[in-house]
Amino acid sequence: MEAKIGSISGDGIGPEVVREARRVLDAVAEKFGHTFTYEDILMGGCSIDATGLPLTDEAIAQAKSCDAVLMGSIGGNTKTSPWYQLPPDRRPEAGLLKIRKALNLFANLRPAYLYPELRDACPLREDIIGDGFDLVMVRELTGGLYFGHRETKEVDGVMTAIDTLKYDENEIRRAAEKAFQIAMKRNKKVTSVDKANVLDSSRLWRKVVSEVAEKYPEVSLEHMLVDNCAMQLVRNPAQFDVLLTENMFGDILSDEAAMIMGSLGTMPSASLNETSFGLYEPSGGSAPDIAGQGIADPIATIVSAAMLLRYSLNLDAEADAIENAVKKALADGYRTIDLMPSSEEDKANVKQVGTSGMGDAIIARL
Ligand code: IPM
Ligand code: MG
């Protein structure tokens, strides 16, 4: 197959991890007889430096012309980078929100799976880890607080800021549909997260999700309040199969879910619309503190590339090959610094590598 893949390196560790993911994709292309071409697209701080905007209309058009887009990360140090002196709608993050909206990427899939080899990197107690966990978060990505009306103004002499959490039933329904479709291919359980004891938007969320559930009688649906969910994720993560959340709750809970995998650097993500198009990126950030040092963990980006093959290009065997190669590299003891065990004894059993060393180890096991 021939495919054109958009490539957004972005900022911070983005270029380093995208380079490894592209090397892995190239190795897969060679092994399975495909031709992948890349279209470099500017987004985030690097786009601000080059064009004055975090995402230009040309960049959106470029992304639309691709079969799928692979992305690293955007943003810099919010305290020191000049990007954060700009008005909020000109900062790096605005580019990411704009591309999500422009491409209608309303469903964000964030799988959290405990690699057996990373048990020692998991911050949970042994008895909680048990046999591990394997869940996928479906985060609504183009609505809610992120896109509602916001303003900061003086009201009767008092500075006041407003953010609006708005959802219509159609936005909720399409996200819920995705969650149930995914659950049908997994363990047929959806946990829908809300704050229905307080928020109107959550009460509508609960009602619409329950309606969608009627179309999927094989899938069991449970509603859970978001504060309880945050607690359950560290108390018993194995109870979850598909976790369906609105935008902001999903942002918060997905960092928590990534951390219990052992590191923010291991959780991939896919942002999808109604077509096969998607934007694939690691869930973690640009980590400006370690950028350029060649030590960032590329696994989340490499597994995001596997998701790209699976969801946008329908190449399941190729996606499996990447995921298995990642597991083998971990099983053979390769670890980036974020995944290093803490005890000296455990350290002796693993091999610390940098970003490209991990890429090499994965490519060698394809
Ligand atoms: C994420 C990130 C983004 C978000 C930021 C960078 C705007 O934290 O993808 O989770 O909040 O959605
Ligand atoms: Mg986040």
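I looked up the contacts of ligand 1 and found one of its oxygen atoms 2.5 Å from an N or O atom in the side chain of Tyr 146. I note that this is a predicted model.

I then asked how much of ligand 1 the protein buries. Taken alone, ligand 1 exposes 320 Å², and the protein buries 78% of that.

I went on to the arginines. For Arg 100, an N or O atom in the side chain is 2.8 Å from an oxygen atom of ligand 1. For Arg 110, I read 2.8 Å between an N or O atom in the side chain and an oxygen atom of ligand 1.

Next I listed the shell. Around ligand 1 I found Glu 93, Leu 96, Arg 100, Arg 110, Arg 139, Tyr 146 and Asp 251. I sorted these residues by class: five are charged, two are nonpolar and none is polar.

Which helix gives the largest share of the shell around ligand 1? I found that helix α4, residues 92–102, gives this share, with three residues.

Last, I turned to Trp 83. I located Trp 83 in the loop between β3 (68–73) and α4. Is Trp 83 buried or exposed? I count Trp 83 as buried because its relative accessibility is 14%, and the cut-off for buried is under 20%. I also took a distance from Trp 83 to Gly 52: their C-alpha atoms are separated by 10.0 Å, with the two residues 31 apart along the chain.

Definitions and conventions
Residues numbered from 1 in each chain as written. Chains lettered and ligands numbered in written order. Predicted model: local features only at pLDDT ≥ 70, side-chain atom pairs only at ≥ 80, totals over all residues. Heavy atoms only, no water. Near = heavy atom within 4 Å. Polar contact = N/O pair within 3.5 Å; in protein donor to acceptor, adjacent residues only side chain to side chain. Areas by Shrake-Rupley, 256 points an atom, 1.4 Å probe, with all protein chains shown as cover. Helix = DSSP H or I, 4+ residues; strand = E, 2+ residues; numbered from the N terminus. Nonpolar A, V, L, I, M, F, W, Y, C, P; charged D, E, K, R; others polar. Buried < 20%, exposed > 50% of the residue type's maximum accessible area, 1.4 Å probe, protein only.
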